[in-house]
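The stops below are given in the order in which to select them.

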Amino acid sequence: MEQEEGRQQLKQLRRTSREERVQAYRRRVERRIKAVELRNEGKSYRAIAVELGTSLTQAVNDVKVALAPLNKREREMAPELRQTEAQRLDMAAEAIRQQVAKGDLPAVDRWITVSARRAKLMGLDMPPEPVTKDEKDPQVTIQVRYVDDIKP
């Protein structure tokens, strides 16, 4: 009789632990969905962590895990997405072209931002080669960067 009761208790513990695991899994899934929703709203990972009551690392991981299945599809769609983004950048540049031509400094600043984003999108940014000042002193390094003329 005692042995039967022991088996019943063991079954109950196994069932409870399985149910707890399932509940924990559901909580993780719900937390990840909420993390992605918050990220889509433009929230920072830090804000997501605060709102969900998790660590910053956990917030980043939740979004990363939830979006992992989408990443493969995005890689497949990358050329199309890159073209769409380039068109948006073209529209942004066109919208400020006249202000840049007039020398409006905030517009020039925006133009530079749009141009930098375009260069990054198209893979045009190459890290500059470090040029040492003196062969005897390799600690001193000068980085030279060239900026193309901006023609509005």
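Start with helix α4, residues 105-121. At 1.5 Å a residue, its 17 residues should span 24 Å, and the end C-alpha atoms are 24 Å apart, which agrees. The expected span is 1.5 Å times one less than the number of residues; helices are DSSP runs of H or I, at least four residues, numbered from the N terminus.

This is a predicted model: local features need pLDDT of at least 70, side-chain atom pairs count only at pLDDT 80 or more, and totals for chains, interfaces and linings use all residues. Residues are numbered from 1 along each chain as its sequence is written, and side-chain values use heavy atoms, with hydrogens and water left out.

Next, colour A107, W111, V114, A119 and L121, the buried residues of α4 (buried is under 20% relative accessible area, exposed over 50%, with a 1.4 Å probe and protein chains only). Looking down the axis of α4, these residues fall within an arc of 160°, so they line one face of the helix; the arc is taken from the directions from the helix axis to the C-beta atoms. On the face turned away from the buried side, select the exposed L105, P106 and K120. Just after α4, G123 has a positive phi of about 75°.

Now select A86, L89, A93, I96, V100, A107, W111, V114 and L121, the largest nonpolar core (buried Ala, Val, Leu, Ile, Met, Phe, Trp, Tyr and Cys residues joined through side-chain atoms within 4.5 Å). Helix α3 (56-101) and α4 each supply at least two of its residues, and α3 gives the most, five.

Finish at D62, in α3. With 0% relative accessibility, D62 counts as buried.
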